[in-house]
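Notebook open, structure viewer up.

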Amino acid sequence: MKRREFLGTLGASAVAFTLPSAKAQQGSMSSLPQLAITLDDFNLFDTPTMTAGDRNRKILDALKAENLKAALFVTGRYVDSEQKRAYLKEWNDSDHIIGNHSFSHLYYPDTSFAEFSADLLRGEKIVKDFPRFKKLFRFPYLKEGDTAGKRDGMRAFLHEHEYHNGHVTIDASDWYVDGRLRQKLKQHPNIDLAPYRNFYLAHLWERSVYYDHLAQRVTRRRVKHTLLLHHNLLNGLFLGDALRMFKARGWQLIDADIAFADPIFASEPETLPAGESLIWALAKQTGRFDKALRYPGEDGIYEKPKMDKMNL
Ligand SMILES: [Zn+2]
């Protein structure tokens with residue numbers, strides 16, 4: 001789900017964010033935050049310290065250890081061999097949801113509606129025969145249309161083809177941390193991984209708390225969260241640690257199908273450009289949270305200075 005670098009030029013003002021007041025946390029909001037895991041792309045390749053197969057095994061094992069069913073959003077063009085299809089079958093057979101993340105992972109602002117919608121159907125062909133396939137579509141880069149025509153065109157198309165939008169409520173930049181880690185490992189294969197682990201967990205926690213507080217302020221209730229992660233080395237190494245962190249800090253891990261049943265996921269915010277985290281878009285739509293919203297919602301540009309400073 002990598003953002004293009006040029007998106008960084010659109011504006012990266014610092015986030016001014018206020019914690020919800022004690023009063024706002026009372027009542028219906030006193031229940032535990034709930035979190036489901038979603039993993040995008042399924043871009044499998046060997047990395048300096050882990051083969052594609054080992055990574056797949058470790059991510060599945062981390063979910064299994066928590067008895068957790070995730071949703072995997074597959075980019076069709078990455079499933080280009082029998083071996084990769086076999087890895088994907090492991091997800092199906094472990095009862096995780098298999099969703100559609102298009103075939104080519106196109107960037108919708110640079111693509112016509114006709115080409116983008118055709119690419120969705122091309123991606124569907126790769127995954128549709130798996131019994132655990134569900135008609136959930138996740139927009140590449142979380143970009144849902146830069147004009148009202150393209151945004152509403154895809155919304156009508158999803159309805160027509162009986163799809164739901166596989167929204168993210170908690171967006172994050174695991175892909176960026178992963179890229180930095182792999183780059184470092186190429187030069188220093190025996191580097192201590194603990195600083196990367198610590199940075200990653202702190203990042204996930206910070207973004208999760210941010211979106212959870214924003215969700216409470218916007219919706220006046222607790223929504224069921226879907227966290228955006230990717231099938232990458234970083235999660236091969238640390239997904240288990242991340243899941244244990246959330247539990248230790250009072251968050252409840254829930255299956256993806258339970259999260260996606262929350263009515264929040266039927267929302268169609270009328271923002272332009274459309275997309276980002278669903279919570280981000282719902283907040284933007286109100287016009288009341290502009291100080292708490294940066295654009296894009298998440299990107300490597302926000303993490304780069306921190307990682308540079310820590311020499312990661
Ligand atoms: Zn993606």
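Terms first: I take helices (H or I, at least four residues) and strands (E, at least two) as DSSP runs, numbered from the N terminus. This is a predicted model, where local features need pLDDT of at least 70, side-chain atom pairs count only at pLDDT 80 or more, and totals for chains, interfaces and linings use all residues. Residues are numbered from 1 along each chain as its sequence is written.

**Entry 1, cis bonds.** I looked up the peptide bond from L272 to P273 and found it cis, with omega near -10°. P273 sits in the loop between α8 (256-260) and β9 (274-275). Y295 and P296 are also joined by a cis peptide bond, omega about -5°. For P296 the place is the loop between α9 (278-286) and α10 (300-309).

D95 is not a glycine, yet its phi is positive, about 75°. I find D95 in the loop between α2 (82-93) and β3 (97-100). S102, another residue other than glycine, has phi near 80° and lies in the loop between β3 and α3 (113-127).

Buried or exposed? I call a residue buried if 20 or more other C-beta atoms lie within 10 Å of its own, exposed if 12 or fewer, and partly exposed in between, with C-beta atoms placed from the backbone. S102 has 26 such atoms within 10 Å, so it is buried. D95 has 14 within 10 Å, so it is partly exposed.

Helix α1 (residues 52-65) packs on helix α7 (residues 233-248) at about 10°, axes 8 Å apart. Axes here are lines fitted to C-alpha atoms, for helices over the stretch in contact, and angles run from 0 to 180 degrees between N-to-C directions. That angle makes α1 roughly parallel to α7 (under 35 degrees counts as such). From α1 the contact uses D54, R55, K58, I59, A62 and A65; from α7 it uses L233, N235, G236, L239, G240 and L243. Contact means C-beta atoms, placed from the backbone, within 7 Å.

I note 10 helices and nine strands. The C-alpha atoms fill a box of roughly 50 × 45 × 40 Å along the principal axes. Of the 312 residues, 41% count as buried.

Conventions. Parallel < 35°, antiparallel > 145°, perpendicular 65-115°, else oblique. Contact = placed C-beta atoms within 7 Å.
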